Amino acid sequence: MEQQVVIAGGGPVGLWLAAELRLGGVSVTVVEERADIDQRSKALTIHPRTIEILASRGVHKPFLTEGMPIPSGHFAMLDDRLDFRALETPFPYTLALPQARTEELLEEHALALGATIVRGHRVTGFTEHAESVTVRVDGPDGPYELQAAFIIGCDGSRSTVRTAAGIDFVGTPSTVLGWLGDVTLDSPPRPGFSTFGLRGGVMVAPLPGGRYRVVGASPDSLTTQWPGDLTLEELRARTVAITGEDFGMRDPIWLSRFGNATRLAARYRRGRIVLAGDAAHQHFPAGGVGMNVGIQDAHNLGWKLAATLRGWAPDHLLDTYHTERHPVGAQLMEHSRAQTALMTGFTPEALDLRSLFSGMIATQPALNKALSERLTALAVGYPTPDPTAHPLVGTRAPDLAFTGSENHLFSRSRPDSYLLLDLTAGVLTDRTRPGLVVHTSTLDRTPDAWATVRAALVRPDGHVAWAGADEDDTALSAAVDRALATTHRTTAR
């Protein structure tokens, strides 16, 4: 009998996690308070690593079709932009796509896999037992309970699950109130428009459907006092004060303010309670990374939770969700705060700092690449405690091309299994077991870091679990067996 997982929150993070659990053979119910998908899209940007994740499950094509590719990105609204074209990925760009449409596509994916999604229902609390969790829910017909093996909080920065679990949300309060409007512009500025000076900063980003997002901050944004809801008249006045024109602004579909409260959950997991996305980390929306980091949380968690419940993974596997993703959350806090400082410095000294740093991005390719890889999450790697491990261990595996086949690594990825790459073209014997598939081939084009690799074990989330360069076939075979012994149970429970 399948063990059920309850997910509180049906945004992009909860929906991707639901799909991953279903691909892993786990029953899942998503409980979402909103009756319908919110058409006010907080997130617009899908980063390269997230597109890779979608591609590893074969669901990326609608996003590529509908999204608007942008081959650069901003860091703190500096004049010089990060160039994504040199990134080592099949997708060297971000996609501009409203979050509402992203949610629709992810919901279709989760439902097609058999996930249960209940809208207009709200998780109100839970009781944890030794082997299960009783989840309390309020629905249109009154309160009821669900029994689950785990409850996952994907319910935002005000997470009911996190609060009920007593997990601290540590950080700094909001000191800035930025503003944004999704509007029609009769005279839009050039693509990639942004400006920054003593009077403030404004950035204009195109949206699918012919609208634009106007977002900015000004010296009086450095406040803890709520000035009231943003109006079109205020947005227009602020835009004119900074840029000198309003670009023919009219017909808003969303007007909002946003703060820079920056907090990180002390634990991503406590027993049978797990957090992901905004429930685990809150930050200033700099660079459009928030939804992406949340989906990447879910991608790390989904296969581990499914493997644990299905019984083919070692008992400690689920603990690595916190040890791997919590440092990523801490790095997110760091670069969000750093960008906030640059985006809210309206003094001559701050402008000089911006100019200096912007010039370095433009003239130092290594800095440009390092920031690009960090912003897009292509640089995310998970440390290994083994000092003798191959340097590839923990890194993201690229979309390796195999000889004599149109298939690349992403198309070979399995959500419910490790992938053992036998790059010796047949030296390794069959090692079939639960949670493992073997692909025997050689590489058509070999990245420098993979030049000496003869075999590798790739996790379901696309990170390298083990890599071997032994030239002796017997030694290589023994090393493979040791690697499998650390990642798999001999028999599933």
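Predicted model: local features only at pLDDT ≥ 70, side-chain atom pairs only at ≥ 80, totals over all residues.
1. Residues are numbered from 1 along each chain as its sequence is written, and side-chain values use heavy atoms, with hydrogens and water left out.

2. Start with the sheet. Six strands make an open sheet, ordered β8-β2-β1-β12-β21-β20, with mixed pairing. (Strands are DSSP runs of E, at least two residues, and helices are runs of H or I, at least four, numbered from the N terminus; two strands pair if DSSP finds at least two bridges between them.) The edges are β8 (116-119) and β20 (269-270); each has a single partner strand, so one side of each has no neighbour in the sheet.

3. Further in, β12 (residues 150-153) runs parallel to β21 (residues 273-275), and three bridges join them. Look for Ile 151, which stands opposite Ile 273 in β21. Helix α7 lies across β1 (4-8), β12 and β21, and runs at about 175° to β12. (Axes are lines fitted to C-alpha atoms, for helices over the stretch in contact, and angles run from 0 to 180 degrees between N-to-C directions.)

4. Now follow α7 to its partner helix. The axes of α7 (residues 290-310) and α8 (residues 320-343) come within 10 Å and cross at roughly 175°. That makes the two roughly antiparallel (the label for angles over 145 degrees). On the α7 side the contact (heavy atoms within 4.5 Å) involves Val 293, Gln 296, Asp 297, Asn 300, Leu 301 and Lys 304, while α8 brings Thr 320, Tyr 321, Glu 324, Arg 325, Val 328 and Leu 332.

5. What about the nonpolar cores? A core here is a set of buried Ala, Val, Leu, Ile, Met, Phe, Trp, Tyr and Cys residues joined through side-chain atoms within 4.5 Å, and buried means under 20% relative accessible area, exposed over 50%, partly exposed in between (1.4 Å probe, protein chains only). The largest core has 97 residues, and Val 5, Ile 7, Leu 21, Phe 150, Ile 152 and Leu 305 have the most contacts inside it. Its largest share, eight residues, comes from α7. A second, separate core has 17 residues, including Ala 307, Leu 476, Ala 479 and Ala 483.

6. Ile 7 is a handy one to click on. Neighbours within four places in sequence aside, its contacts include Leu 21, Val 28, Val 30, Ile 152 and Cys 154.

7. Val 380 sits in the loop between α10 (365-375) and β23 (401-402). At 14% relative accessibility, Val 380 counts as buried. Beyond residues up to four places away in sequence, Val 380 touches Arg 325, Val 328, Gly 394, Arg 396 and His 463. Arg 325 and Val 328 also take part in the α7 and α8 contact.

8. Thr 45, in strand β3 (residues 45-46), is partly exposed at 21% relative accessible area.

9. Last, a hairpin: β9 joins β10 through four residues. Strands β9 (residues 122-128) and β10 (residues 133-139) pair in the antiparallel sense over six bridges, with Phe 126 standing opposite Val 135 in β10.

Notes. Parallel < 35°, antiparallel > 145°, perpendicular 65-115°, else oblique.
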